[in-house]
Every structure is written in C-alpha cells, then in structure tokens.
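The sequence and the structure come first, and notes grouped by topic follow.

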Amino acid sequence: MSGVSNTLQIVNRNVKRNFRIPQLLIFSSIQPVVFLLLFNFVFGGAVGPESGGNYINFLLPGILAQTALFGAIQTGVGLAEDLNKGVVDRLRSLPIARYAVLAGRTIADSVRNVVVIAIMLAVGYLLGFRFQEGILYFLLAIGVIVLFAYAFSWVSATVGLLLRDSETVQVAGFLWVFPLVFASSVFVPVATMPSWLQVFANHQPVTEAVNAVRYLMQGMGSGDAVWHTLVWIAVLLTVFIPIAVWRYRKIQ
Amino acid sequence: MPDKITNDKLAINVQGVTKQFGTLKALDTVDLKARQSKVTGLLGPNGAGKSTLIKIMTTLLSPDDGRVMVDGVDVLADPSEARKRIGLAGQYAAVDDFLTGRETLYMVGRLYGMDSPQAKKRSQELLERLDLVDAADRQTKTYSGGMRRRLDLGASLVATPHVLFLDEPTTGLDPRTRLQLWDIIRDLVKQGVTILLTTQYLEEADALCDYIYVVDHGKMIVEGTAESLKSSLGQDVIELRVSDAQLARAKEVIEQRLKTEVEVDDLTQRLRVRTTSGTDDLLAVAAELKKAKLTAEELSVHRPSLDDVFLAVTGHSAKETK
C-alpha cells in the first residue's frame with residue numbers, strides 16, 4: 001500500500017512539472033495541434049481522395065498516435081534530467097518503493113496525454129472531425145491510445161536510464177520515433193508505400209494502434225487491429241517495465 | 001556516567017570499504033568512525049572518493065567489499081531500514097524548480113509515510129526554522145543559492161534523521177550564507193543529530209568538525225581532531241616574502257642560520273621555514289636579513305593551519321585542487 005501512496009506523490013510532483021514548466025506545456029500541447037493543422041491543410045488535398053474523402057477523420061486518429069509517441073520521448077528526457085540534477089538520488093535515499101519513481105513518472109505523463117488528447121479532439125472537431133461509431137467505441141478508442149502511450153513511456157524511460165543525458169535522450173528519441181511514426185498509416189494509407197516497406201508498416205505497433213482507433217471511431221478497416229494493438233501494448237510493458245526497473249536499480 | 005557512554009556510541013562505522021569503477025580504485029579499504037551527536041568531517045580534493053563514500057553510506061551505491069553500519073543498522077543488509085534513519089543533502093541542492101518550498105517539504109514528508117496533516121505541520125516547522133516562511137509559497141526557481149541550500153537541508157530533516165549526511169553543504173555560497181548554515185548545523189548537533197560532512201573548505205572543517213578524516217586517491221591518509229592534526233606537524237611556520245632579486249640570497253642566509261631547509265612556494269614566491277621555536281627563530285631571521293642588507297616585505301610566524309596539514313599529507317594545497 002505504501003508503494004501506491006509513494007507513487008501517487010511522485011505522480012503529483014510530475015504532473016506539476018508537466019503543467020508548470022511553460023516550455024513543456026507548449027511542447028506537449030501546441031506542437032501536436034500545429035501538426036494537425038499543417039497536415040490537414042497541406043496533405044489533405046493530395047491524400048484526401050485516397051483516404052476515403054474525409055481526410056480529417058482519417059488524419060486525427062493518426063495524429064493522436066503520433067502525439068503519443070512524441071510525448072513518450074519526454075518521459076525519458078525528464079527522467080534523465082532528474083538523474084542529472086540529483087533529484088533521483090534524493091528520492092533513492094528515501095524509504096520508498098523502488099518502482100515508485102518510474103511508475104510516478106509514466107503515470108503523470110499519461111495524465112498529460114489525456115489533456116493533450118482532449119485539446120486535439122476539440123481542434124479536430126472545429127476542423128470537421130466527427131466520430132461515427134457511438135460514444136462507447138469512442139471512449140474505448142481514447143483508452144487504447146492512452147494505454148498505447150503509456151507502453152511507449154516505458155520504452156522511453158528505458159532509453160532515458162540507459163543514455164542518462166537529457167539532450168542525448170531527446171535526439172535518440174527522434175531516431176526511434178520517426179521511423180515508427182512515418183512508416184505507418186498515420187499520414188498516408190500504407191498501400192501507397194513500396195512493398196518492402198509495407199511489410200514493416202503493416203505490422204508495427206503504430207499502424208496497428210492507428211488502425212484500431214480508426215476502426216473504433218470511424219468503423220474503418222478491421223477490428224483485428226484492436227486486439228493486435230492490445231497485444232503490442234502487453235508485449236511492450238512486459239519487456240520494458242522489467243528492463244527499466246532493472247536499470248533503475250543499477251543506477252550509480 | 002551513562003551520558004558519556006551514549007555519547008561515545010558510534011553512529012557510523014565503516015570498515016574496509018572498497019569500490020572499483022572499471023580500472024579506477026575509487027575507494028581502497030577505507031575505515032571511518034563517527035561518534036554520536038558529533039560532526040565528523042571528510043576532507044579531500046575533488047575525485048578523492050568523498051562523494052563515493054557518502055553514496056555508499058546512504059545506500060545509493062553498493063561497495064565491492066567492506067561493512068557499513070549506520071545508526072546500528074547494517075546498510076548493505078537492510079538498506080530500507082537505514083533509509084528511515086538518515087538524511088542526505090547533496091552538493092547539487094536537488095530541489096525542483098517548479099515546486100514551492102512548502103510543496104517540496106510536504107512531498108518529502110508524505111514520501112516518508114506521514115499523513116497529510118502531519119506533513120503540513122512538519123513543513124511549517126521547518127520553513128520557520130530555516131527562515132523560509134516568506135518564500136514558502138513561491139516556486140523555488142525564484143530562490144537564491146542560499147535559500148535553495150536551506151530548503152535542500154530542510155528536505156533532509158523532514159523525518160528527523162539520527163544521522164545527517166551533508167555533501168559539500170556550503171560550496172558556492174557567499175560567506176554570510178555559509179555562516180548561517182554553520183549555525184543551523186551546530187543547532188542540529190545540540191539536538192543530538194550526528195553529522196557527517198564533506199567539504200573543500202578547511203576553515204569549515206576547522207570551525208565545525210569534532211573529528212576529521214582526510215582522504216586522497218581513495219585512501220584515508222590521516223585522521224584526528226583539527227587540533228591534533230595541526231600539532232601533528234609539530235612545528236610553527238615562519239613565512240616571509242622578499243623581492244624576486246633577493247629570493248635566492250635570503251634563502252641561503254636563513255638556511256645557514258637556522259640549519260634547516262627553506263621551502264619556496266612557486267606560486268606566491270613566499271619562503272617558508274618549519275621551526276620548533278617560532279618566536280626566537282623569527283627574531284633570528286629578522287636580524288640575519290638585516291645583517292645581509294635584505295628587506296623582508298612580510299614576515300610572520302603562525303601555527304600550522306589545516307591547509308598546511310593538507311599540503312603535508314596530500315602533497316598539494318586544498319585550494320588549488322578545485
């Protein structure tokens with residue numbers, strides 16, 4: 001029980017961090033909105049017809065997944081910053097649960113994601129986005145994307161603990177996030193890519209998550225994407241939570 | 001006198017601690033004992049192993065070998081029990097910019113398992129004690145360096161630790177703020193807290209520490225009270241400065257008269273002579289210089305300072321290592 005209470009305190013600390021540091025707030029909320037506007041108006045004309053006529057309905061689920069991944073980078077960056085500033089040492093010298101620092105960070109980042117997703121949906125609504133499959137499926141879609149982001153926060157936490165320098169973590173973040181985001185169905189239908197790339201694009205987690213959200217919000221594609229995404233989330237959590245906690249224990 | 005016996009109990013007992021980082025032996029079979037309700041100082045140049053030893057004593061790092069007892073708890077066998085009894089204030093003043101002073105202390109209180117009213121009460125007490133009430137509800141990014149140190153110290157005091165570890169608590173502070181922190185430290189000792197502090201400032205060790213360890217290259221070189229370390233050099237020091245042109249001649253004249261070696265400090269061009277009878281020899285040196293028609297711009301005799309001790313045992317001055 002005290003582990004849960006410890007975690008809640010760290011969540012509280014990190015939520016304050018995410019919302020009180022202006023650069024972080026702008027980076028995490030304004031940037032995805034800029035992407036949404038840019039892609040909608042720049043690509044909308046060209047890709048619109050391929051995507052079934054209503055590009056914003058196609059694009060928004062994709063941008064949500066992109067936001068999840070870009071946001072995840074900040075989990076690792078923040079952790080590396082805390083390591084270097086001695087905040088982690090202070091917390092490690094307290095009698096608290098070992099997992100609390102990592103769980104507190106990843107959960108706080110999920111809280112931020114919920115807020116950012118709400119902003120995106122509001123902007124999307126103004127651009128003409130409408131969900132088609134009822135409120136239940138809509139909420140399920142939000143749940144899937146938040147869980148998806150949570151899983152990638154743990155990937156990023158692992159990267160942060162391995163590299164331990166916030167700028168390096170930031171740069172490395174783009175290295176692993178860009179291929180996942182762009183070689184996916186986020187912006188364009190996978191069928192428009194060369195066939196060798198389609199093999200990767202069709203099976204990687206971002207495409208599955210985007211397709212799951214499109215299915216749940218718009219009735220597009222097949223419902224298989226939903227459980228494929230859940231499997232990916234389970235796999236990522238099962239692999240990366242133990243690695244991150246192990247690295248955390250090894251900090252010197 | 002039961003009082004005396006409790007005072008003599010060891011709050012920290014480190015035995016044979018060794019830690020290797022790759023090929024670097026950071027600590028080599030180090031022993032350290034700290035008595036209860038006393039201030040023990042750990043001195044040494046940067047990279048000597050001070051922070052490594054602090055990290056080991058505060059459960060942040062495991063040694064390759066050795067035993068560490070803190071407040072009666074085996075730190076290596078039961079780190080979580082040890083964490084309940086210690087406080088740590090690091091050299092970076094690890095307080096979050098975006099939290100207020102009050103929020104920082106409250107969070108630490110809750111992490112120690114206090115309920116909300118307890119944590120609030122304790123935060124208020126510490127804010128008052130550390131003179132931070134006016135700034136309590138401002139984010140700490142608006143704090144001065146001294147205020148951050150005080151808050152960091154406050155965070156380490158939340159759970160009323162028995163043993164407090166201070167890793168260079170006053171590095172980078174202005175003299176007035178340093179004195180303020182010294183007062184707080186002395187106050188804590190009066191209340192029975194055992195303190196282990198590292199410092200680069202020898203005058204700080206001299207002013208605060210009941211017992212001093214000097215570490216260099218991962219080894220304990222000397223230990224003792226400030227007084228005993230100074231008198232271990234056993235001798236007074238005569239220091240004088242002459243013009244560059246007269247330097248060699250002055251050295252020769254004094255060496256002939258006192259039959260002992262004169263050191264020349266390359267940096268300051270001062271001549272230094274160790275002597276057992278400071279005042280007599282001072283007069284003799286003055287007379288000899290006059291006879292040789294040499295002029296001393298400065299001439300003094302003083303007891304060895306901790307800086308002299310440091311120089312004698314490590315081969316370099318504490319100040320030039322920073």
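## Contact between the chains

In this predicted model, 19 residues of chain A are in contact with 20 residues of chain B, where contact between two residues is defined by C-beta atoms, placed from the backbone, that lie within 7 Å. The model is predicted, with local features needing pLDDT of at least 70 and side-chain atom pairs counting only at pLDDT 80 or more, while totals for chains, interfaces and linings use all residues. Residues are numbered from 1 along each chain as its sequence is written, and chains are lettered from A and ligands numbered from 1 in the order in which they are written.

- On the side of chain A that touches chain B, the elements giving two or more residues are α1 (2-20) and α5 (87-92) of chain A; helices (H or I, at least four residues) and strands (E, at least two) are DSSP runs, numbered from the N terminus.
- α1(A) provides the largest share of that side, seven residues.
- By class, the side of chain A that touches chain B has five nonpolar, six polar and eight charged residues. Ala, Val, Leu, Ile, Met, Phe, Trp, Tyr, Cys and Pro count as nonpolar, Asp, Glu, Lys and Arg as charged, and the others, Gly among them, as polar.

## Domains of chain B

- Chain B is divided into domain 1 (2-95 + 143-230) and domain 2 (235-303), with bounds that come from an automatic or database domain assignment.
- Between the C-alpha centres of domain 1 of chain B and domain 2 of chain B the distance is 39 Å.

## Helix pairs in chain A

- Helix α10 (residues 205-218) of chain A and helix α11 (residues 224-249) of chain A have axes that come within 8 Å and cross at roughly 140 degrees. Axes are lines fitted to C-alpha atoms, for helices over the stretch in contact, and angles run from 0 to 180 degrees between N-to-C directions.
- α10(A) and α11(A) are therefore oblique to each other; angles under 35 degrees count as roughly parallel, over 145 as roughly antiparallel, 65 to 115 as roughly perpendicular and the rest as oblique.
- The crossing in which α10(A) passes α11(A) is left-handed. A crossing is left-handed if the near helix is turned anticlockwise from the far one by less than a right angle, and right-handed if clockwise.
- Residues making the contact include A:Tyr215 and A:Leu216 of α10(A) and A:Trp232 of α11(A).
- The contact of α10(A) with α11(A) has eight nonpolar, three polar and one charged residues.
- The axes of helix α4 (residues 55-85) and helix α8 (residues 166-182), both of chain A, come within 9 Å and cross at roughly 160 degrees, so α4(A) and α8(A) are roughly antiparallel to each other.
- α4(A) and α8(A) make a right-handed crossing.
- Among the residues that meet are A:Phe70 and A:Ile73 in α4(A) and A:Val169 and A:Val177 in α8(A). This contact of α4(A) with α8(A) divides into nine nonpolar, six polar and one charged residues.

## Helix pair in chain B

- Helix α4 (residues 101-111) of chain B packs with helix α6 (residues 145-157) of chain B at an angle of about 20 degrees, the axes being 9 Å apart.
- α4(B) and α6(B) are therefore roughly parallel to each other, and their crossing is right-handed.
- B:Gly101, B:Thr104, B:Leu105 and B:Val108 in α4(B) meet B:Leu151, B:Gly154 and B:Ala155 in α6(B). By class these residues are four nonpolar, three polar and no charged.

## Sheets of chain B

- One open sheet of four strands in chain B has the order β2-β1-β4-β5, with antiparallel pairing; two strands pair if DSSP finds at least two bridges between them.
- β2 (24-35) and β5 (73-74) of chain B stand at the edges with a single partner strand each, so one side of each is left without a neighbour in the sheet.
- Helix α2 (residues 50-57) of chain B packs on this sheet and touches β1, β2 and β4 of chain B.
- Strand β1 (residues 10-21) and strand β4 (residues 65-70) of chain B pair in the antiparallel sense over five bridges, and B:Ile12 stands opposite B:Val70 in β4(B).
- Another open sheet of four strands in chain B runs in the order β12-β13-β11-β14, also with antiparallel pairing.
- Helix α11 (residues 278-291) of chain B packs on that sheet, and its direction makes about 25 degrees with that of β11(B).
- Strand β11 (residues 236-241) of chain B is joined by six bridges to strand β13 (residues 270-275) of chain B.
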